[in-house]
Amino acid sequence: MSLVVQPQPDKRILARRDAIVADLVRLLGSDVVIADADGRRAFETDGLTAYRAMPLAVILPRSTEEVSKALRYCHENTVKVVARGAGTSLCGGALPSEDAIVIGVSRMNRVIEVDYENRIARLETGITNLGITAAVQPHGFFYAPDPSSQLACTLAGNIAMNSGGAHCLKYGVTTNNVLGVKMVLIDGTIIDIGGAYLDQPGYDLLALVVGSEGQFGIVTEATVRILRSAEAARPMLIGFASSEAAGQCVSAIIASGIIPVAIEFMDKPAIEVCEAFAKAGYPLNVEALLIVEVEGSAEEISELLGRIVAIARAHNPMVVRVSESEAQSAAIWKGRKSAFGAIGRISDYYCMDGTIPLGRLPDVLVSIGRICKEHGLKVANIFHAGDGNLHPLVLYNANNPDEVAKAEHCGAEILKLCVEVGGCLTGEHGVGVEKRDLMPVQFTPAELGLQMRIKTVFDPKWLLNPAKVFPLDGREAATAG
Amino acid sequence: MQQQFVRPATDRELANVLADASANRTPVEVMGAGSKRAIGRPSQAAVSLTTTSLAGISLFEPTELVISARTGTPLARVEAQLASHGQMLAFEPVDLGPVLGIEPGHTTIGAVLATNLSGARRVASGAVRDHALGIKAVSGAGQAFTSGGRVMKNVTGVDLTRGLSGSWGTLAVLTEVTFKVMPIPEETGTLFLLGLPDSIAVEALCAAMGTPFEVSGAIHLQEGLSARLWHAGMRSAQKAVTALRIENFSRSVAYRKQRLKETLKPFGDVHELDHASSLAFWDELRQLSVLQRSDAPLWRISTAPRSGPKVVAAIGRYMPCSALYDWSGGLIWVEVLPAADAGAADVRRLVATHGGHATLIRAEPAVRAAVDVFQPLEPGLSLISREIKAVMDPAGILNPGRMYANV
């Protein structure tokens with residue numbers, strides 16, 4: 001049904017399915033292996049639900065050692081492996097293959113150690129993103145990266161995709177907040193990279209591993225930085241008659257030397273849907289809305305908001321409204337963070353994730369509108385304005401194959417546009433299966449070859465997360481020499 | 001050996017040089033301006049390649065917090081350009097030239113990423129590599145490539161931008177780097193305490209780091225080193241100095257200093273530096289003022305902050321040493337008495353006990369040839385590192401042996 005074509009499953013592996021399952025049960029115990037069809041069906045897709053495939057079997061290990069045993073078996077028997085956190089990937093990063101085993105880390109969700117003096121937490125990676133903050137919040141600390149799926153998504157998935165969130169303008173993304181990992185390589189070897197210190201010896205292998213989309217190994221434990229929470233935070237709303245004015249206002253705020261903890265942007269279609277859902281008090285008469293949040297003591301907050309209001313006034317805002325209570329602040333964020341869900345209630349949507357240089361915002365928004373119109377589709381725009389990370393939501397009807405194809409074409413054109421103006425295909429969701437075939441838009445064959453040869457260092461037989469990230473064409477040539 | 005210097009002025013010229021060297025298996029010493037040439041195992045390269053002719057700022061968008069520069073551009077020039085728009089590199093790169101007997105200010109922007117040596121603000125704002133957005137580079141095989149770009153969020157493909165950070169010119173030659181920049185804070189304040197023993201000092205620094213007041217520098221100088229400070233007031237106290245930096249707009253700095261004084265009260269009398277004095281103090285730390293004008297072996301040790309004093313105390317039982325703690329205790333510059341191995345066997349064993357790693361920043365060439373300058377890696381990591389080297393530099397021509405004998 002979809003544009004990206006997955007390779008045919010390996011018939012030899014499918015024919016050996018019963019024997020492979022029996023081996024895995026012998027190796028790990030029947031309570032770790034899910035082999036029945038109903039059990040496997042729960043794992044057949046992820047957040048990119050247009051694609052699905054029944055995995056060969058699913059393994060839910062309880063320890064690093066069990067992950068190691070499973071991977072060693074797969075390596076020795078040339079069985080492919082798809083690593084999985086909570087399965088919330090929006091790019092098909094956890095999409096199974098019929099000839100591959102899914103290894104899920106969800107059972108490994110312990111907090112191993114929290115050290116407030118050294119400001120680190122050591123965790124098993126099946127813990128949810130919000131679970132980390134929940135563990136340290138009683139002491140006034142938090143874990144900074146905050147993807148919208150943070151209630152469900154796991155640290156393992158965050159590390160695989162180098163997840164961001166609304167607050168990374170100030171606090172950075174996953175790669176800036178992970179200090180060390182314990183990782184199982186495809187041959188079962190367990191390695192430790194980094195640790196409880198702020199830099200690592202030798203090459204920056206952490207940089208290669210974080211964001212490697214399950215291509216390099218399975219991370220079972222991680223040491224992350226935890227930060228002391230600000231005394232308070234308060235958002236404000238600024239509404240404009242045009243997205244151009246909103247974009248100029250963002251630039252002016254940043255040029256003034258203020259780095260708000262978050263600057264979020266919504267266009268009119270997004271505002272309407274989110275307001276209907278969250279009753280956040282978003283103005284309905286504006287074309288573009290900014291949510292700007294600052295942190296600090298009450299006095300610091302009011303000074304910063306005062307400065308931002310003064311800057312906004314110079315850009316002819318239609319609405320300037322500072323949150324006046326905790327409840328209002330919560331509602332403002334509820335509207336933003338539930339935006340995808342709220343839009344999902346009125347329509348199927350295809351969520352894009354390109355990043356652009358902020359200065360190109362007005363013309364890129366015009367072009368996105370034009371591209372969608374040409375395909376006869378509607379679009380709602382929501383994004384992290386501070387860092388130029390766009391999330392156009394292309395609305396379509398999933399039951400209409402023609403619209404599905406149009407939505408995917410439309411999405412591909414939008415991402416090509418992002419690269420053309422100096423941005424990239426994906427800011428925080430990852431390449432996965434969804435953008436695999438678009439990679440040549442951003443990289444030359446030589447560049448992809450270099451990346452693929454690094455993949456080969458970690459996974460010589462190319463068994464990990466098959467048919468993702470790198471285009472299928474040219475793999476052999478790139479990795480041969 | 002007669003050394004030949006090459007200064008390619010374009011990526012293509014550089015690619016040709018490296019393709020030739022690769023074909024002939026000619027080792028190439030890779031450097032920016034050469035201020036850190038004396039770090040690492042002594043090399044035997046016939047060709048020395050410098051990036052200094054790859055110069056100039058190629059992009060600066062203050063409203064997008066981004067700057068790109070050719071890698072041979074002097075760091076000072078990049079910082080001056082940023083300062084003219086009230087911005088800075090928040091990771092505060094360290095200038096190691098002066099501790100190696102070279103005038104300050106010779107570092108290039110490319111070497112900043114290639115060595116990933118972040119300054120005091122690393123505790124609050126992240127490391128060099130955390131601010132790197134993109135690179136252009138040429139591999140050891142002479143193949144030009146890019147990674148990342150100019151936007152702040154980018155997870156497209158393998159992260160070679162950060163992956164090349166701290167690789168000391170052994171994997172590829174960078175030709176352009178793009179960094180995220182930040183506004184220069186309106187005001188800088190400093191709080192300090194005098195005469196604290198190391199363990200109490202680091203306890204105080206960690207307590208301060210655990211507050212919501214965004215401390216952006218947390219250092220402790222042992223008494224022996226504080227006597228070498230340029231800052232007259234602190235030097236004349238003749239005591240160990242424990243200092244914290246607070247940066248923000250003026251009213252915020254005043255408020256945060258007040259609140260931090262309450263946190264620090266149990267540790268002793270808290271003193272203050274004004275804005276100008278604070279800038280001078282943190283600036284001299286950036287070039288490790290107290291470790292200059294000495295030939296003694298100098299170690300850079302990275303560990304968990306609260307382990308810092310334990311590591312230093314343990315080393316002190318084996319050899320006389322003096323320590324400057326940065327990163328609230330997690331980064332320690334330790335000067336030791338000259339010895340045939342610069343104390344390497346003891347230092348590495350003691351660091352391992354507490355978790356962390358050590359790099360020998362300054363030592364005679366004979367010592368650097370005899371001991372591991374960079375922390376030896378665990379076998380698993382060593383194998384991966386060698387294989388990555390083989391991908392990026394198949395003929396093994398880039399700074400061969402500088403980091404590790406076989407890399």
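Predicted model: local features only at pLDDT ≥ 70, side-chain atom pairs only at ≥ 80, totals over all residues.

Visitor: Understood. Which residues does A:A245 touch, not counting residues up to four places away in sequence?

Guide: With those neighbours set aside, A:A245 touches A:F240 and A:H315. A:A245 itself is found in helix α9 of chain A.

Visitor: And how far apart are A:A245 and A:N316 in sequence and in space?

Guide: They are 71 residues apart in sequence, and their C-alpha atoms are 7.7 Å apart in space.

Visitor: Is A:A245 buried or exposed?

Guide: A:A245 counts as buried because its relative accessibility is 14%, and the cut-off for buried is under 20%.

Visitor: Let us turn to the strands. How many residues of β14 of chain A are buried?

Guide: Nine of the nine residues in strand β14(A), which spans 288-296, are buried. On one side these are A:A288, A:L290, A:V292, A:V294 and A:G296, and on the other A:L289, A:I291, A:E293 and A:E295.

Visitor: Which strand pairs with β14(A) over nine bridges?

Guide: That is β12 of chain A, residues 232-240, and the pairing is antiparallel. Within it, A:M236 stands opposite A:V292 of β14(A).

Visitor: What about β13 of chain A: how many bridges join it to β14(A)?

Guide: Six bridges join β13(A), residues 262-267, to β14(A), again in the antiparallel sense. A:F265 has A:L290 in β14(A) as its bridge partner.

Visitor: Now the contact between the chains. How many residues does each of chain A and chain B give?

Guide: Chain A gives 81 residues and chain B gives 72 residues. The area buried between the two chains is about 6400 Å², and carbon and sulfur atoms account for 59% of that area.

Visitor: Why quote an area at all?

Guide: Because the accessible area lost when the parts come together is often used to give the size of an interface.

Visitor: How many salt bridges and polar contacts cross the interface of chain A and chain B?

Guide: The rule finds 11 salt bridges across it. In one of these, B:E186 joins A:R307, with the closest N and O atoms 2.4 Å apart. Residue pairs in polar contact across the interface number 32.

Visitor: Which elements give two or more residues to the side of chain A that touches chain B?

Guide: They are α7, β9, α8, α9, α11, α16 and α17 of chain A. The largest share, eight residues, comes from α17(A). By class, that side of chain A has 37 nonpolar, 26 polar and 18 charged residues.

Visitor: One last topic, in chain B. Where is B:S278?

Guide: B:S278 is in helix α11 of chain B, residues 275-286. With a relative accessible area of 0%, B:S278 is buried.

Visitor: What is B:S278 in contact with, leaving aside neighbours within four places in sequence?

Guide: B:S278 is in contact with B:T188, B:G189, B:T190 and B:L273. A polar atom of the B:S278 side chain lies 3.4 Å from the backbone oxygen of B:L273.

Technical notes:
Residues numbered from 1 in each chain as written. Chains lettered and ligands numbered in written order. Heavy atoms only, no water. Buried < 20%, exposed > 50% of the residue type's maximum accessible area, 1.4 Å probe, protein only. Helix = DSSP H or I, 4+ residues; strand = E, 2+ residues; numbered from the N terminus. Pairing = 2+ DSSP bridges. Contact = heavy atoms within 4.5 Å. Buried area = accessible area lost by both parts, 1.4 Å probe. Salt bridge = Lys/Arg side-chain N within 4 Å of Asp/Glu carboxyl O. Polar contact = N/O pair within 3.5 Å; in protein donor to acceptor, adjacent residues only side chain to side chain. Nonpolar A, V, L, I, M, F, W, Y, C, P; charged D, E, K, R; others polar.
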